[in-house]
Amino acid sequence: MLYDFNEAKEHLVNSYGVLEPIISYGDGVYLYDTSENKYLDFTSGIGVNSLGYNNEAWVEATTKQIKTLQHASNLFYNPTTVELAKKLTESAKMSKVFLANSGAEANEGAIKLARKYSYDKYGEGRHKILSLVQSFHGRTITTLKATGQNKFHNYFFPFPDGFDYVKANDLEDFKEKATSDVCAIMLEAIQGEGGVIPLDKTFVQDVVNVCKKKDILIIFDEVQCGIGRTGKMFGYNNFDVEADIVSVAKGLGAGLPIGGVLCAEKVSNVFGPGDHGSTFGGNPVAASGALVVLDKICNENSFNEISEKGAYIRELLIQSKNPQIVDIRGMGLMIGIKTKCTPSIVQKECIKNGLLILTAGKDVVRLLPPLVITKDELKHGIDILLNILDNIK
Ligand SMILES: Cc1ncc(COP(=O)(O)O)c(C=O)c1O
């Protein structure tokens, strides 16, 4: 059953820029390839594996659930999914949740929810969704349209109507675009794929104030920066504002597919039977894993540790005074390092030296290590990265 890289390519659609090692298994914060080479993982499978690999509690909970009930559909409640809905809404300080399977699906649900809220209250025509230039919200046709990067708006025409893009941190641009046909704005507290760019606190607060006055719903896309990643439950909790709708996915599942549309009281009864659905949404096995994530990650102690570890990385990077580093951005364990050299070259060199990292855009090295990583493990990885930056031409 061992495949080599070229053989693998023959069978899978070539829509990703796949990197060389074929990953065989993981343990702790390390991944191993099919030749038993070991890699320290600063990617968490793009922000998913918050508990690392082979986490005892997570493996036990999901294995127990798979033996008990793997799926029952949403025609019936099951205790595990209900327990997750209860605990997730409590941790998020939201009223209800619609459970889905991925970030894009959660954002689709959030967009539908915002449009129906507006339709029910104001009738037709008030359906526009604002998002930010340089945002990323998913790969379905609608979430691609919500994604504020032109490079994604090719080939797949026609895209749905009713979207417009505001320049990040530009209040005047927002005010101009917050016209009477707008029902919601969708924001990432830290733009992840767009280059690890945090929003300004005052911009977010001002936007929220205007939205409250105009009854424009605030949707935070917390797919990448939520569930503890920034050292708080959600990225937007760093801005002292409230959300009407929050989409989550990635780190909530810790490796199994899950997504969620969290609803504040105001929108919690907008969907009625038949308005929205998903066969696999809220799958009990994924839900049992997510309950472990809430237990281990979503508490003050763990949030503080994540913040401390983020500050530690930042300190190591600043102290190095490495001339390749132009900027260090992000919060908690979501770090973007703008480099003079090409991040994809840095990434390839890191792999050769046993470290997996991500990139974001053309000039940013992105780090999303498992949230349970230790400071020693972080130091080890940052040493490898700095050494590569020192020697790169
Ligand atoms: C902020 C944000 N929203 C949505 C998505 C899409 O999530 P998924 O790939 O699970 O559909 C991503 C994925 O990177 C993301 O970073």
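I took helices as DSSP runs of H or I with at least four residues, numbered from the N terminus. The model is predicted, so I noted that local features need pLDDT of at least 70 and side-chain atom pairs pLDDT 80 or more, while totals for chains, interfaces and linings use all residues. Residues are numbered from 1 along each chain as its sequence is written, and side-chain values use heavy atoms, with hydrogens and water left out.

**Ligand shell.** I found 13 residues around the ligand, counting a residue as near if one of its heavy atoms lies within 4 Å. Gly103, Ala104, Asp221, Gln224 and Lys250 are the closest. Helix H5 (residues 103–122) gives the largest share of the shell, three residues.

**Ligand oxygens.** I looked up the distances next. A polar backbone atom of Gly103 is 2.8 Å from an oxygen atom of the ligand, and for a polar backbone atom of Ala104 I also read 2.8 Å to a ligand oxygen. From Glu193, a polar side-chain atom lies 3.4 Å from an oxygen atom of the ligand.

**Gln65.** I then turned to Gln65, which sits in helix H3 (residues 56–68). Gln65 counts as buried because its relative accessibility is 9%, and buried means under 20% relative accessible area (1.4 Å probe, protein chains only). Leaving aside neighbours within four places in sequence, I listed Gln70, Thr80, Pro284, Val285 and Ser288 as contacts of Gln65, with contact meaning heavy atoms within 4.5 Å.

Methods:
Polar contact = N/O pair within 3.5 Å; in protein donor to acceptor, adjacent residues only side chain to side chain. Helix = DSSP H or I, 4+ residues; strand = E, 2+ residues; numbered from the N terminus. Buried < 20%, exposed > 50% of the residue type's maximum accessible area, 1.4 Å probe, protein only.
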